[in-house]
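Colleague: I would like to go through this model with you, one question at a time. Please show it first.

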Amino acid sequence: MLIYSLPLVSVNRHSSTHVIKPLEGIRVLELGQLVAGPFCGSILGYYGAEVIKIEPPNIGDPLRIWRHLDSDGQSPWFRSMGRNKKSVAVDLRSDKGRSIVKELAEHSDVLIENFKPGTMEKWGLGPDDLYPSNPKLIYTRISGYGQTGPYSKRPGYASVCEGMGGFRFVNGHPNQPPVRPNISLGDSLAGIHAVMGVLLSLIAKDKLGQVQAKRTGQVVDIAIYESVMNMMESVIPEYDRFNEIRQPSGTTVTGIVPTNTYPCKDGKHVIIGGNGDSIYVRLMNAIGRSDLTGDKYKVNADRVKEQETIDSAIAQWTSQHTTDEILTVLEKASVPTGKIYDAKDMVEDEHINARGMIENIQVGSEEDGRGWNLKIPAMSPVLATTPGSTQWAGPDLGEHTNEVLEDILGMSSVQLKELEDQGIIKSKSNCQVE
């Protein structure tokens with residue numbers, strides 16, 4: 001194992017000077033589509049892994065044509081999700097295409113897939129098919145319900161799994177239908193959990209190697225509903241001990257007061273978290289309601305009993321002031337408060353930009369009729385010495401097909417042309433995007 005001795009100094013994540021990234025030298029084969037698997041690959045690639053994305057030759061990952069499309073027929077969402085990846089267009093429906101992917105897996109450290117359980121086995125690409133030739137492979141699987149159990153064969157989109165994981169029940173307003181957030185939250189949580197599984201397995205690989213295990217790789221089994229369920233805090237323990245089922249609570253959090261969303265004079269809303277005991281006193285003094293302090297409101301359990309009175313008093317004050325006025329008063333009193341940001345607010349915010357959390361990448365070039373800049377979110381965590389970064393936008397379909405098959409599998413130009421003529425692979429020049 002190499003050990004680097006580097007100074008513990010902050011590094012600009014946009015610096016052109018090469019710095020070591022923590023996952024350099026790790027090759028990831030991504031067979032996932034849409035959000036969960038590709039988000040895992042995006043994070044790994046951001047921190048230095050080589051990510052080879054396998055896509056069907058016709059339209060590629062469906063995310064390429066989801067939501068708004070640019071003039072080149074591709075979605076900005078894919079340009080963000082596909083950052084730092086190498087696109088290889090291979091037809092997995094063909095025997096030869098599957099053989100090519102199997103060879104690539106033999107030369108990879110990590111494989112990511114988020115197909116319905118059983119699909120990879122049907123293609124001859126399951127763990128049992130790959131481990132004989134690559135016992136070091138970390139085989140990462142993301143599905144709705146996991147690879148085992150009575151529900152494992154069910155199709156499982158994040159929208160459904162957010163329900164089973166408990167999130168949809170508590171997210172909403174009392175006596176109204178559960179509310180869906182306008183993002184694929186379950187998929188993204190599953191992607192983050194998959195990254196955690198990969199990193200844990202990389203550490204375990206070294207430990208297994210030290211005891212001379214025959215197989216140092218392992219299967220990482222991620223269920224979307226379990227990734228959501230991990231976020232449910234005390235919902236299950238409280239049910240077990242008190243037979244209490246936590247209900248949806250609108251803009252508040254059950255049993256914690258005050259923490260809520262309050263109306264402003266300018267038609268906007270602010271979030272105020274005044275639930276710490278000393279913070280609460282500062283909040284009420286700042287809004288001129290010191291009459292709502294003292295023994296009756298001293299600790300959270302006391303304030304829960306008086307929630308309606310407290311929230312009404314705060315809302316009455318906020319509704320008489322603009323958002324900026326509220327922030328000025330409460331920041332001076334050291335009370336956690338903030339605006340509710342939309343996309344424009346995030347892109348323009350000075351703090352977000354000072355932290356380097358908005359990146360600009362170029363899509364295509366002026367020579368090919370594109371060359372526009374695209375703003376995308378950077379990724380967390382921020383590592384001081386080995387930071388991640390975006391090196392290029394999500395690639396065109398098949399942009400790296402020839403490069404990868406030549407460099408890794410040693411294919412000749414003649415072999416590549418034969419495969420392309422047979423429709424098994426496609427390179428960028430022959431991948432048409434409608």
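Colleague: Over the ring of which residue does the charged end of R154 sit?
Modeller: A charge sits over a ring if NZ of Lys or CZ of Arg is within 6 Å of the ring centre and within 35 degrees of the ring normal. The charged end of R154 is 3.8 Å from the centre of such a ring. The ring belongs to Y151.

Colleague: What should I know about the numbering and the model itself?
Modeller: This is a predicted model, in which local features need pLDDT of at least 70 and side-chain atom pairs count only at pLDDT 80 or more, while totals for chains, interfaces and linings use all residues. Residues are numbered from 1 along each chain as its sequence is written, and side-chain values use heavy atoms, with hydrogens and water left out.

Colleague: Which residues are linked into a cluster by ring pairs?
Modeller: Rings of Phe, Tyr and Trp (its six-membered ring) pair if their centres lie within 6.5 Å; planes under 30 degrees apart count as stacked, over 60 as edge-to-face and the rest as tilted. A search of the whole structure finds 6 aromatic pairs. One of them is Y46 with Y47, an edge-to-face pair at 5.2 Å centre to centre and 75° between the planes. The cluster consists of Y145, Y151 and Y225.

Colleague: How many residues apart in sequence are the parts tied together by W66 and W77?
Modeller: The two rings form a tilted pair, 6.3 Å centre to centre with 55° between the planes. Helices (H or I, at least four residues) and strands (E, at least two) are DSSP runs, numbered from the N terminus. W66 lies in the loop between β2 (50-55) and α2 (76-81) and W77 in helix α2, so the pair ties together parts whose separation is 11 residues.

Colleague: Is W66 buried, partly exposed or exposed?
Modeller: Buried means under 20% relative accessible area, exposed over 50%, and partly exposed in between (1.4 Å probe, protein chains only). The relative accessible area of W66 is 36%, so W66 counts as partly exposed.

Colleague: Why is one side of β7 and of β9 left without a neighbour in the sheet?
Modeller: Two strands pair if DSSP finds at least two bridges between them. The open sheet has 3 strands in the order β7-β8-β9, with antiparallel pairing. β7 (259-263) and β9 (337-339) stand at the edges, so each has a single partner strand.

Colleague: Which helix packs on this sheet?
Modeller: Contact means heavy atoms within 4.5 Å, and the helix touches β8 and β9. Axes are lines fitted to C-alpha atoms, for helices over the stretch in contact, and angles run from 0 to 180 degrees between N-to-C directions. The direction of the helix makes about 155° with that of β9. The helix is α14 (residues 323-332).

Colleague: What percentage of the residues of the protein chain count as buried?
Modeller: The protein chain has 18 helices and 12 strands. Of its 434 residues, the buried share is 46%.
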